[in-house]
Amino acid sequence: MALANKKFLPAAEERRRFQRVKVHLLGRYMLPDRREFPCQVINMSPGGLALLAPGIGNVGDRVVAYLDHIGRVEGKITRIIDNGFAMTVGATPRKRDKLAAQLTWLANRDILNLPEDRRHDRIVPRNPIAVLTLEDGTKMTCRIIDLSLSGAAIAAENRPPLKSTVLLGRVQGRVVRNLEDGFALEFVHAQPIETLEESVTAR
């Protein structure tokens with residue numbers, strides 16, 4: 001099997017490493033001739049995505065897309081599908097970690113049926129460094145990958161136990177999922193947008 005697996009494209013290897021998530025994200029993309037079109041992503045992993053699109057390029061064409069909740073991604077068209085195409089996502093390891101965290105939240109909001117999170121765009125705080133207080137009172141420094149009014153994705157060397165309660169700055173949350181380099185946190189109470197960044201980065 002190891003030899004057979006080597007015949008797959010890198011994008012296929014990424015799909016095996018990262019679960020492909022069914023999503024419905026709107027956005028826009030640009031083809032090499034600089035034509036822009038609206039699109040809808042139907043599934044995505046940190047290594048690739050498939051989208052419905054009115055303007056279809058050729059396999060190997062470079063594509064730059066701007067997607068809701070995700071931001072800017074770029075890659076190359078790998079295959080043509082009905083009413084659209086599939087493409088790779090070219091990214092650094094850090095960007096892939098961030099994509100994995102964002103996709104985790106997009107998947108969780110549907111699985112957990114969290115209507116508030118559907119209304120909350122995720123943002124990257126201006127100051128991403130925060131202090132996390134564990135259940136036993138231990139404090140550790142962490143980096144906020146991104147956050148919304150209802151939760152955050154955290155990069156940290158040590159992961160608290162799943163379902164444990166922690167404080168991110170002054171905000172109480174619950175650990176809901178492990179990520180490659182950290183974990184996803186769901187706030188116990190939705191936070192006001194006006195004080196969100198100040199509250200999570202408070203020391």
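**Close-up 1: strands 2 and 3, paired in the antiparallel sense over five bridges.** Strand 3 covers residues 48–52, and a hairpin of two residues links strand 2 to strand 3. Look for Gln-40, whose bridge partner in strand 3 is Leu-52. Strands here are DSSP runs (E, at least two residues) numbered from the N terminus, and two strands pair if DSSP finds at least two bridges between them. This is a predicted model, where local features need pLDDT of at least 70, side-chain atom pairs count only at pLDDT 80 or more, and totals for chains, interfaces and linings use all residues. Residues are numbered from 1 along each chain as its sequence is written, and side-chain values use heavy atoms, with hydrogens and water left out.

**Close-up 2: the hairpin of strands 1 and 2.** Strand 1 (residues 21–30) and strand 2 (residues 36–45) run antiparallel, paired over eight bridges. Met-30 has Glu-36 in strand 2 as its bridge partner. Five residues sit between the two strands, and Arg-34 in the turn shows a positive phi of about 75°.

**Close-up 3: strands 4 and 5, another antiparallel pair.** Six bridges hold the pairing of strand 4 with strand 5 (residues 71–81). Ala-65 is found opposite Val-73 of strand 5.

**Close-up 4: Ile-56 in its loop.** You'll find Ile-56 in the loop between strand 3 and strand 4 (62–67). Ile-56 counts as partly exposed because its relative accessibility is 36%, the class between buried (under 20% relative accessible area) and exposed (over 50%), using a 1.4 Å probe and protein chains only.

Conventions. Helix = DSSP H or I, 4+ residues; strand = E, 2+ residues; numbered from the N terminus.
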